[in-house]
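User: Could you walk me through the labels used for this structure and what stands behind each one?

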Amino acid sequence: MHPESIMKHIDLYLEIMFSKSPLSRDEREMMAVIVSKSNGCDYCVQHHVQALQHYWKKHEKIQNLIRDYNSANLSASEKLLCEFAKHL
(Lines give C-alpha, C1' and ligand atoms only; values in the text may rest on other atoms or scores of the structure.)
Protein backbone atom coordinates (compact mmCIF):
# COMPACT_ATOMS: atom_id res chain seq x y z
CA MET A 1 0.00 0.00 0.00
CA HIS A 2 1.00 3.57 -0.65
CA PRO A 3 -1.04 5.86 1.62
CA GLU A 4 0.79 8.91 0.28
CA SER A 5 -0.50 8.15 -3.22
CA ILE A 6 -4.07 7.84 -1.99
CA MET A 7 -3.82 11.15 -0.13
CA LYS A 8 -2.45 12.87 -3.24
CA HIS A 9 -5.29 11.39 -5.28
CA ILE A 10 -7.87 12.67 -2.78
CA ASP A 11 -6.23 16.11 -2.75
CA LEU A 12 -6.37 16.24 -6.56
CA TYR A 13 -10.02 15.12 -6.58
CA LEU A 14 -10.99 17.76 -4.01
CA GLU A 15 -9.13 20.45 -5.93
CA ILE A 16 -10.79 19.56 -9.24
CA MET A 17 -14.30 19.08 -7.91
CA PHE A 18 -14.58 21.60 -5.07
CA SER A 19 -12.09 24.45 -5.48
CA LYS A 20 -12.99 27.90 -6.74
CA SER A 21 -13.56 27.68 -10.49
CA PRO A 22 -15.48 29.31 -13.32
CA LEU A 23 -17.15 25.90 -13.75
CA SER A 24 -20.19 25.15 -11.62
CA ARG A 25 -20.41 21.99 -9.55
CA ASP A 26 -22.96 20.46 -11.91
CA GLU A 27 -20.74 21.23 -14.92
CA ARG A 28 -17.84 19.51 -13.19
CA GLU A 29 -19.97 16.46 -12.35
CA MET A 30 -21.34 16.35 -15.90
CA MET A 31 -17.79 16.39 -17.26
CA ALA A 32 -16.72 13.76 -14.73
CA VAL A 33 -19.49 11.47 -16.02
CA ILE A 34 -18.14 11.84 -19.56
CA VAL A 35 -14.51 11.29 -18.50
CA SER A 36 -15.49 8.25 -16.41
CA LYS A 37 -17.49 6.77 -19.27
CA SER A 38 -14.59 7.35 -21.68
CA ASN A 39 -12.28 5.61 -19.22
CA GLY A 40 -14.67 2.66 -18.94
CA CYS A 41 -15.06 3.04 -15.17
CA ASP A 42 -18.64 2.09 -14.30
CA TYR A 43 -18.01 2.75 -10.59
CA CYS A 44 -16.89 6.32 -11.32
CA VAL A 45 -19.79 6.90 -13.72
CA GLN A 46 -22.25 5.90 -11.00
CA HIS A 47 -20.46 8.00 -8.38
CA HIS A 48 -20.65 11.13 -10.55
CA VAL A 49 -24.18 10.36 -11.75
CA GLN A 50 -25.36 10.33 -8.13
CA ALA A 51 -23.75 13.71 -7.53
CA LEU A 52 -25.12 15.13 -10.79
CA GLN A 53 -28.62 13.90 -9.89
CA HIS A 54 -28.42 16.18 -6.84
CA TYR A 55 -28.09 19.21 -9.15
CA TRP A 56 -30.09 18.25 -12.23
CA LYS A 57 -32.85 16.16 -10.64
CA LYS A 58 -33.63 14.85 -14.15
CA HIS A 59 -33.04 11.10 -14.41
CA GLU A 60 -33.86 10.89 -18.11
CA LYS A 61 -31.49 13.75 -19.00
CA ILE A 62 -28.68 12.04 -17.08
CA GLN A 63 -29.36 8.71 -18.79
CA ASN A 64 -29.21 10.49 -22.15
CA LEU A 65 -25.94 12.11 -21.07
CA ILE A 66 -24.48 8.66 -20.39
CA ARG A 67 -25.74 7.20 -23.69
CA ASP A 68 -24.89 10.16 -25.93
CA TYR A 69 -24.50 13.66 -24.57
CA ASN A 70 -25.67 15.07 -27.91
CA SER A 71 -29.13 13.68 -27.13
CA ALA A 72 -29.25 15.00 -23.54
CA ASN A 73 -30.86 18.39 -24.29
CA LEU A 74 -27.74 20.27 -23.19
CA SER A 75 -26.92 23.90 -23.81
CA ALA A 76 -24.28 24.72 -26.40
CA SER A 77 -21.70 25.43 -23.67
CA GLU A 78 -22.53 22.15 -21.87
CA LYS A 79 -22.01 20.24 -25.13
CA LEU A 80 -18.64 21.93 -25.61
CA LEU A 81 -17.64 20.99 -22.06
CA CYS A 82 -18.67 17.37 -22.74
CA GLU A 83 -16.68 17.35 -25.97
CA PHE A 84 -13.64 18.68 -24.11
CA ALA A 85 -14.10 16.08 -21.35
CA LYS A 86 -14.39 13.28 -23.91
CA HIS A 87 -11.07 14.26 -25.46
CA LEU A 88 -9.45 14.89 -22.09
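**Labels and their cut-offs**

Analyst: Happy to! N73 sits in the loop that joins α4 and α5; helices here are DSSP runs of H or I with at least four residues, strands are runs of E with at least two, and numbering starts at the N terminus. This is a predicted model, in which local features need pLDDT of at least 70 and side-chain atom pairs count only at pLDDT 80 or more, while totals for chains, interfaces and linings use all residues. Residues are numbered from 1 along each chain as its sequence is written, and side-chain values use heavy atoms, leaving out hydrogens and water.

User: Why is N73 called exposed?

Analyst: The relative accessible area of N73 is 70%. Exposed means over 50%, buried under 20%, and partly exposed in between, using a 1.4 Å probe and protein chains only. N73 is over the cut-off, so it counts as exposed.

User: Is K57 buried or exposed, and how do you know?

Analyst: K57 has a relative accessible area of 58%, so it is exposed. A76, in helix α5 (residues 76-87), gets that label too because its relative accessibility is 60%.

User: What makes R25 and Y55 a polar contact?

Analyst: Their side chains are 3.4 Å apart. A polar contact is a pair of N or O atoms within 3.5 Å; within protein, one must be able to donate a hydrogen and the other to accept it, and residues adjacent in sequence count only if both atoms are side-chain atoms. The R25 to Y55 pair therefore qualifies. The side chain of R25, a residue of helix α2 (residues 25-39), also reaches the backbone oxygen of M17 at 3.0 Å.

User: How do you know how compact the protein is?

Analyst: The protein has 5 helices and 0 strands. Its radius of gyration is 13 Å, close to the 12 Å from the globule rule for 88 residues, so it is as compact as a globular protein of that length. The radius is taken over C-alpha atoms, and the rule is 2.2 Å times the number of residues to the power 0.38. Of the 88 residues, 33% count as buried.
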